[in-house]
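Please keep the structure open while reading.

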Amino acid sequence: MEQLFEEMKNSVLEGEEKEAAELAQKALDSGMDPVAVMDKGFLKGINEAGKLYEEGEFFLPELVCAADAMKAALEVLDEELKKCADNNTKTGKVVLATVQGDVHDIGKTIVGAMMTANGYEVYDLGSDVPNEKVLSAIDDVKPDIVGLSALLTTTMEQQKNVIEMIREAGKRDEVKIMVGGAPVSRQWSEKIGADGYSDNAIDAVKMAGILIG
Amino acid sequence: MLMQTKVLSDEEIRSIHKNSIRILEETGVKFPSENALDLLEDAGAEIDREKEIAYINEDMVKKALQTAPKEFTLGAPDPKYDLSLPAAFPTHNIDGCGMYVLDHGSRKKRPGTTKDIENSFRIFQTMDQGSIGWAPIVAADLPPKAAGVMETGLFYINSSKHYQDEETSMKGVGYHMEMAKAILGSWEEVRKRKIYSATYCTVAPLCHDHIMLEATMELTKYEAPILAYPMPACGSTGPASLFTNVAMANAEALSCFVIFQLCNPGTPIIYGAALGSINMKSGIFLEGAPETALQLTAMTQMGRYYGFPTEVAGCLSDSKEPGMQAILEKYMNMEPLIGAGADVVQGIGLLESSMTLSLEQMIIDDELFRYAVRMRKGIDTSEEKDLLEDIKAVGPEGHFLKQKSTRKLFRSDEFYRPKDLIDRNSHDEWISLGSPDMSSAANKRVCDILAEEPLRPLDRDTEKTIREIMEEAKAKLSS
């Protein structure tokens, strides 16, 4: 059993999506407790990946691949996990999007990977996400945090528009909003009424932790 | 392909060679040594005994270039640091002959001491790109005539790499070789392993120094390699055009090949250069000028044209402190040398036209060197680097972070990853690290290295012997 957990951990750490999914399926088929599978197997791998990234040992490709392997395992285990009342493994739910009109998704992908590595349930809406879609994701996912990314000075304005739209819909108090991206600054974040900002993925996770306390 | 720097065409190289031969034949070179003049005369040179000038003909040069080996190894006490020449990629060595130190604690300039030299050797030992040691300064607390031998001893006590120094006395040669024998165990090994070599500076224009010439001739008996190191400065000790100053420096270098091949045919000689220009107002030798870099690059090309290993001054600055001017000048003169294929770039650590040692500058220069080497490696277009299949797999949109090739190549030398000296963090991360700059990061590294236990590579008996030789040299050479 210990060896199986070790394999699960390594499948994530090595970014092997297919292997992670297969191991998750194997665990379910043999009737293993999905919570234990997460805690003792896959989560250990993703936590380790996040730690190695923070320490500078892992580069972006390793981190992103590990996060995707983790997601692959989660997809298999998701339904069974939901049935377990004592499933409290999640730190929080995060919806991420690169704003409308902006197709640059790498920065947001990195933040998503790092969030995943730190136990968040990440819903990545992709890039060039229409503002309305962010709003509807708040209803559907009920996230703790919404993260909005923009790489261009011409698209960062959309961060402001999304926040206004959320406020007008009366949902501003339901979520914390974080903004990021190359042209974005702390001043901008404060000006448009976001709750948090960071200029790198490691600090983004720390900021998320502070926001949902 | 590799990044390749050229400041001379093939035709221009041949033209410089021809001019150098004319200089040797028509103007001649002064050899203030009866022994040297005898050897040169026997070999066919016309000699003016009164003026001590030898007129060296083209045949003599041809013969010297034939008997000098094109490939050899500068051995190190620890064979893992052996430097086989020519090298696939360049290494660097410490600059030498300074007088002062920018104290790494107070950052104030003061006369250099034995302790500073030891510190520089300890730092040099940690640098995997560093191949050849040289005392960066003449320590003010050592008797000047014994300083060379004492510093050689200090090097072998603190480092296990190759050492190169000037021969400033006949007795000094003996002490240097005794040290090599103490480390290697026998004269045969001294000849074979070559853990010591000599820097040999000609005195521009077109002179050899009496003592240094005779002492270095003595050294050829031990088959030790010699770095021929002409250093005329445009307008003062050399003509004012780069083209002709290079031709004269090359003539001086060729005269070294001739005399040392006559002393002992087969003596390994490294083709070197430390040319420059001068401050037109003060006459001070200028190291950081673009014209210095151009001439040194030309000399590197000349050395490679003849097919010999090259070791060229090329990490030079006239700046008084580590900082913007130092970075500008040092990188400017280092990169083209490396691009021209220099085997060893001399030398790291000095500022103020090679007068003042900064331990931080050693660390910074090592980093500049790494950048220049990455530039030299150029763009690899081999099959491994053809990633068209990845483009097909990712398609328009998406990203390449998850491609196996990305993971692999991020870990390879396709991308140079600087360590602590270069800041590539986000602004917030940089602030949280205390807003480090290159100089403060280098100072931290210096302090970290010096806080470690010294290496002391020699066994106790050998170290004792080396110290005895140092003491004897101190007593006998000082008087």
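The model is predicted. In chain A, helix H5 covers residues 106-117, 12 residues in all, and its first and last C-alpha atoms are 16 Å apart, close to the 16 Å expected at 1.5 Å a residue. The buried residues include Gly107(A), Lys108(A), Ile110(A), Val111(A), Met114(A) and Ala117(A). Just after H5(A) comes Gly119(A), with a positive phi of about 90°.

H10(B) runs over residues 290-306, has 17 residues and reaches 25 Å from its first C-alpha to its last, close to the 24 Å expected at 1.5 Å a residue. Its buried residues include Thr292(B), Ala293(B), Leu296(B), Met299(B), Gln301(B) and Gly303(B). Just after H10(B), Gly307(B) takes a positive phi of about 90°.

Is Ser136(A) buried or exposed? Ser136(A) has 12 C-beta neighbours inside 10 Å, so Ser136(A) counts as exposed. The C-alpha atom of Ser136(A) is separated by 37 Å from that of Gly56(A), a residue 80 positions away along the chain.

**The two chains**

Chain A has 9 helices and 5 strands. Read from the N terminus, its elements follow the order α-α-α-α-β-α-β-α-β-α-β-α-β-α. Chain B has 17 helices and 20 strands. The radius of gyration of chain B is 23 Å, close to the 23 Å that the globule rule gives for 479 residues, so chain B is as compact as a globular protein of that length. For the 213 residues of chain A, a compact globule would have a radius of gyration near 17 Å, and the 17 Å of chain A agrees with this.

| Chain | Span of the C-alpha trace |
|---|---|
| Chain A | about 55 × 35 × 30 Å |
| Chain B | about 80 × 55 × 50 Å |

In chain A, 48% of the 213 residues count as buried. In chain B, buried residues make up 51% of the 479 residues. Contacts can also be sorted by how far apart the partners are in sequence. Among contacts in chain A with a separation of 6 or more, 76% are between residues 24 or more positions apart. For chain B, 75% of the contacts between residues at least 6 apart in sequence join residues at least 24 apart.

**The nonpolar cores**

Which residues touch the most other members of the largest nonpolar core? This core has 132 residues, and Leu40(B), Ala228(B) and Phe257(B) touch the most other members. Helix H9 of chain B, residues 242-263, gives the most to this core, with 13 residues. Leaving aside neighbours within four places in sequence, Ala228(B) is in contact with residues including Tyr200(B), Ala253(B), Phe257(B), Ile269(B) and Gly272(B). Another core lies apart from this one and has 67 residues, among them Met8(A), Ala27(A), Ala67(A) and Leu151(A).

**Where the parts meet**

Chain A is assigned domain 1 (2-83) and domain 2 (92-212). The C-alpha centres of these two domains of chain A lie 25 Å apart. Between the domains, 14 residues of domain 1 of chain A are in contact with 10 residues of domain 2 of chain A. On the domain 1 side, helix H3 (34-54) and helix H4 (60-83) of chain A each supply at least two residues. By class, this side of domain 1 has 10 nonpolar, 2 polar and 2 charged residues.

The chains also meet each other: 11 residues of chain B are in contact with 15 residues of chain A. On the chain B side, helix H14 (404-410) and helix H15 (427-432) each supply at least two residues. The residues of this side of chain B divide into 2 nonpolar, 4 polar and 5 charged.

Methods. Residues are numbered from 1 along each chain as its sequence is written. Chains are lettered from A and ligands numbered from 1 in the order in which they are written. This is a predicted model: local features need pLDDT of at least 70, side-chain atom pairs count only at pLDDT 80 or more; totals for chains, interfaces and linings use all residues. A nonpolar core is a set of buried Ala, Val, Leu, Ile, Met, Phe, Trp, Tyr and Cys residues joined through C-beta atoms within 7 Å. A residue is buried if 20 or more other C-beta atoms lie within 10 Å of its own, exposed if 12 or fewer, and partly exposed in between; C-beta atoms are placed from the backbone. Helices (H or I, at least four residues) and strands (E, at least two) are DSSP runs, numbered from the N terminus. Two residues are in contact if their C-beta atoms, placed from the backbone, lie within 7 Å. Ala, Val, Leu, Ile, Met, Phe, Trp, Tyr, Cys and Pro count as nonpolar, Asp, Glu, Lys and Arg as charged, and the others, Gly among them, as polar. Domain bounds come from an automatic or database domain assignment. The radius of gyration is taken over C-alpha atoms; the globule rule is 2.2 Å times the number of residues to the power 0.38. The expected span of a helix is 1.5 Å times one less than its number of residues.
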